[in-house]
Amino acid sequence: MTNKFYSVKPILNKNLKQVYIETYGCQMNVSDSEVVLAVLQSNNYSLCKDINSASLIFINTCSIRENAEQRIWARLEYFRSLKKKKRELKVGILGCMAERLKEKLIDHGVVDIVAGPDSYRHLPKLIEGITKGEKQINTILSEEETYADISPIRMDKNGVSAYISIMRGCNNYCSYCVVPYVRGRERSRNPQSIIKEAKQLLENGYKEVTLLGQNVNSYSWNNSNQHITFAMLLEMVAQIAPSLRVRFSTSHPKDIDESVIKAIVKYPNICKHIHLPVQSGSNTVLKRMNRKYTIEEYLERVKLIKELIPECTLSTDIITGFSGESEQDHQETLSIMKEVGYYTAFMFQYSERPNTTAAKKYPDSVSEQDKNRRLNEIIELQHKLSKISNNEDLGKTFEVLIEGTSKRSKEELSGRTSQNKVCIFPAGEHKVGDYVNVKVTSCSLATLKGVAVN
Ligand code: SAH
Ligand code: SF4
Ligand code: F3S
């Protein structure tokens, strides 16, 4: 999960109006903000990097946990103070929170536009509406919209790796999760438009694409004579060029199958890292979560991955303190973490979301104190596991795709291994976008350090 503020150099054209876009939440939102920018740029807006010079602010929001929404409310208060100084400033709220709260956000006063995740094509119309002095709202969810024909404008300045959205929505209805309600039905994007986007990125110097969806393994597209599965799509993207790395996220443990694992084996440019959210180590909890797999099934998939791709890393998401989670359930989560040996994990305290199945059926019964302690135990264990995983890489050589200079020193470069581990090494003659073999000489919790070898 990332919270990023994106901006690019403003185009100095006085006729263009300035928009400032802030993005919260998951990678899907990062990708959506790029679609939003594309829509706005073709309507006389350019992105500005100074919030004070914007005439329009868009905030792309997340509803996944209560604290994600609280952060947005705090930002809206800040925007209110900006509006007091600049009366013509307009504020639009996009994304999942816009979809969830609809007109309640207009009632708040500071917001002029509320636009849900499927309404970004209509932004120019909504903007036109507010210039006439009327607040605008569009939260209609679509069963077809994939923005397939819109070329996203990249805001990540590294120019090396980019996201490609391959599907939208989610049909899984995990009982705790708000996503199916705010993102709508699952729908896949035309594979040809995906390939075209990946080829364009390659032509523009990009070296890595990440195929995005809430549940990429259920990607499905019917051509007149062929049914395209996720594994087939993955192979099609991998075939574009051996120098283009391919990643994907997120895999649902119930849907990842051997065909995907075999594609990873077959193409060296498909990265050897799988994000496989387990959520809990207890079968009774998984059942209440409506995850549709048992721990035994999960471990079987893990075993297959490890057998076929021994160098593959695994990461996960864990929710601690879900309704009814006992101390024994918690212990089972700790034990699955050890058994799989994740190299990293996103770990969250359960946050009840209004109107989800869990909110209706399963009371939020674990005390704040217990949730907190359990989360700390999980984090502590994950730190140990990350350390173990990184220590295993000492002395080994990995191909690293350079993404930028290291935060600590301009003399060092930073990139990632196929296994998705961040690796830092002295720059030498190498530059951003290069592939370089790095021998690992030391490590910390979150990074490998090494030297370039050839
Ligand atoms: N589609 C992805 C994840 C989307 S949300 C998947 O199925 O894995 C990212 C993560 O947020 C989830 O994996 C889950 O761990 C966490 N999450 C979702 N709803 C939550 C809630 N109500 N409280 C706490 N964490 C939650
Ligand atoms: Fe939420 Fe489950 Fe869908 Fe992931 S698969 S987005 S956790 S409902
Ligand atoms: Fe993503 Fe948050 Fe929406 S995780 S799909 S931005 S609720």
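Predicted model: local features only at pLDDT ≥ 70, side-chain atom pairs only at ≥ 80, totals over all residues.
Me: How far is an oxygen atom of ligand 1 from an N or O atom in the side chain of glutamine 279, and how far in the case of arginine 291?
Reply: For glutamine 279, an N or O atom of the side chain and an oxygen atom of ligand 1 are 2.7 Å apart. For arginine 291, a side-chain N or O atom again faces an oxygen atom of ligand 1, and the separation is 3.4 Å.

Me: What percentage of the area that ligand 1 exposes when taken alone does the protein bury?
Reply: The reference state is ligand 1 by itself, which exposes 550 Å². Of that area, the part buried by the protein is 93%.

Me: Which elements give two or more residues to the shell around ligand 1?
Reply: The shell consists of 15 residues, with Gln214, Pro277, Gln279, Asp317 and Ser351 as the closest. By class, these residues divide into six nonpolar, five polar and four charged. The elements that contribute two or more residues are strand E16 (313–320) and strand E17 (344–349).

Me: How many charged residues does the shell around ligand 3 have?
Reply: Ligand 3 is surrounded by Cys26, Asn29, Thr61, Cys62, Ser63, Ile64, Cys96, Arg183 and Gln214. The shell has four nonpolar and four polar residues, and the number of charged residues is one.

Me: How many nonpolar residues are in the shell around ligand 2?
Reply: The residues around ligand 2 include Cys170, Cys174 and Cys177, together with Tyr173, Tyr176, Gln214 and Arg291. Three residues of this shell are polar and one is charged, while the number of nonpolar residues is seven.

Me: What kind of aromatic pair do tyrosine 78 and phenylalanine 79 form?
Reply: The structure holds eight aromatic pairs. In the pair of tyrosine 78 and phenylalanine 79, the centres are 6.1 Å apart and the planes make an angle of 50 degrees, and the pair is tilted.

Me: Is phenylalanine 79 buried or exposed?
Reply: Tyrosine 78 has a relative accessible area of 33%, so tyrosine 78 counts as partly exposed. Phenylalanine 79 has a relative accessible area of 0%, and because the limit for burial is under 20%, phenylalanine 79 is buried.

Me: How many residues apart in sequence are the parts that the pair of tyrosine 176 and phenylalanine 322 ties together?
Reply: The ring centres of tyrosine 176 and phenylalanine 322 are 6.2 Å apart with the planes at 80 degrees, so this pair is edge-to-face. Tyrosine 176 belongs to the loop between strand E9 (167–168) and helix H6 (179–183), whereas phenylalanine 322 belongs to the loop between E16 and helix H12 (327–340), so the parts tied together are apart in sequence by 146 residues.

Me: Which residues do ring pairs link into a cluster with Tyr176?
Reply: Tyrosine 176 counts as buried at 10% relative accessibility, and phenylalanine 322 is buried as well, at 0%. The cluster linked by ring pairs joins Tyr176 to Phe322, Tyr350 and Tyr362.

Me: Over the face of which residue does arginine 65 lie?
Reply: The contact is described by a distance to a ring centre, which is 3.6 Å for arginine 65.

Me: Which residue's side chain does a polar contact of 2.7 Å join to that of aspartate 112?
Reply: Aspartate 112 sits in the loop between helix H4 (103–107) and strand E6 (113–115). With a relative accessible area of 6%, aspartate 112 is buried. The 2.7 Å polar contact joins the side chain of aspartate 112 to that of lysine 83.

Me: What is omega for the peptide bond from serine 249 to threonine 250?
Reply: Threonine 250 is placed in the loop between strand E14 (245–249) and helix H9 (258–266). The peptide bond leading from serine 249 to threonine 250 is cis, with omega near 10 degrees.

Me: What is phi of tyrosine 147?
Reply: Tyrosine 147 is found in the loop between strand E7 (136–138) and strand E8 (161–165), and at 2% relative accessibility it counts as buried. Although tyrosine 147 is not a glycine, its phi is positive, at about 55 degrees.

Technical notes:
Residues numbered from 1 in each chain as written. Chains lettered and ligands numbered in written order. Heavy atoms only, no water. Near = heavy atom within 4 Å. Nonpolar A, V, L, I, M, F, W, Y, C, P; charged D, E, K, R; others polar. Polar contact = N/O pair within 3.5 Å; in protein donor to acceptor, adjacent residues only side chain to side chain. Areas by Shrake-Rupley, 256 points an atom, 1.4 Å probe, with all protein chains shown as cover. Helix = DSSP H or I, 4+ residues; strand = E, 2+ residues; numbered from the N terminus. Phe/Tyr/Trp six-rings, centres within 6.5 Å; stacked < 30°, edge-to-face > 60°. Buried < 20%, exposed > 50% of the residue type's maximum accessible area, 1.4 Å probe, protein only. Lys NZ or Arg CZ within 6 Å of the ring centre and 35° of its normal.
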